[in-house]
Amino acid sequence: WDSFLSWLFDFEYEKLELPRPDHVFYLEMPPTICRQLIAKRAAESGRAVDIHEKDSAHLDRAYSSALYAAQRLGWTKIPCHEQGHPRNLNEILMELLEKAGLSVQPDVK
């Protein structure tokens with residue numbers, strides 16, 4: 001993975017001259033919960049599951065590689081799950097804003 005990351009960064013930041021990110025936030029969700037969410041969405045919407053979503057091993061590998069990259073590259077990991085269930089979106093947003101050094105004042109009327 002390290003050699004791939006080296007190749008990728010050389011390609012993106014040196015050859016293509018894309019700007020390097022100042023900070024990366026990884027919104028972490030285990031594949032077990034992802035599979036539940038995918039199945040629920042498909043059942044509720046009738047939308048077909050795509051080729052990547054169908055491949056359970058692909059989801060597991062993608063998750064492992066993202067965890068590796070987050071640790072290796074110093075990404076800020078924000079867990080989007082708690083006790084086997086997705087966290088509330090507002091809680092995730094507030095944690096993200098806090099870790100980004102931004103504050104949001106509640107709209108008090």
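I began with glutamate 17, which sits in the loop between α1 (2-15) and β1; helices here are DSSP runs of H or I with at least four residues, strands runs of E with at least two, numbered from the N terminus. The model is predicted, so I kept to its terms: local features need pLDDT of at least 70, side-chain atom pairs count only at pLDDT 80 or more, and totals for chains, interfaces and linings use all residues. Residues are numbered from 1 along each chain as its sequence is written, and side-chain values use heavy atoms, without hydrogens and water.

I looked up phi for glutamate 17 and found a positive value near 55°, in a residue other than glycine. Glutamate 17 is exposed, at 65% relative accessible area (exposed is over 50%, buried under 20%, partly exposed in between, with a 1.4 Å probe and protein chains only).

Next I checked glutamine 83, in the loop between β3 (81-82) and β4 (85-86). Its phi is also positive, near 55°, and glutamine 83 is exposed at 76% relative accessibility.

Then I turned to α4. I noted Leu59, Tyr63, Ala66, Ala69 and Ala70 as buried. Seen down the axis of α4, these fall within an arc of 130°, so they line one face of the helix (the arc is taken from the directions from the helix axis to the C-beta atoms). The buried residues pack against β1 (25-28), α2 (31-45) and α3 (51-54), contact meaning heavy atoms within 4.5 Å. On the face turned away from that buried side I found the exposed residues Arg61 and Gln71.

Last, I looked just past α4, where glycine 74 takes a positive phi of about 75°.
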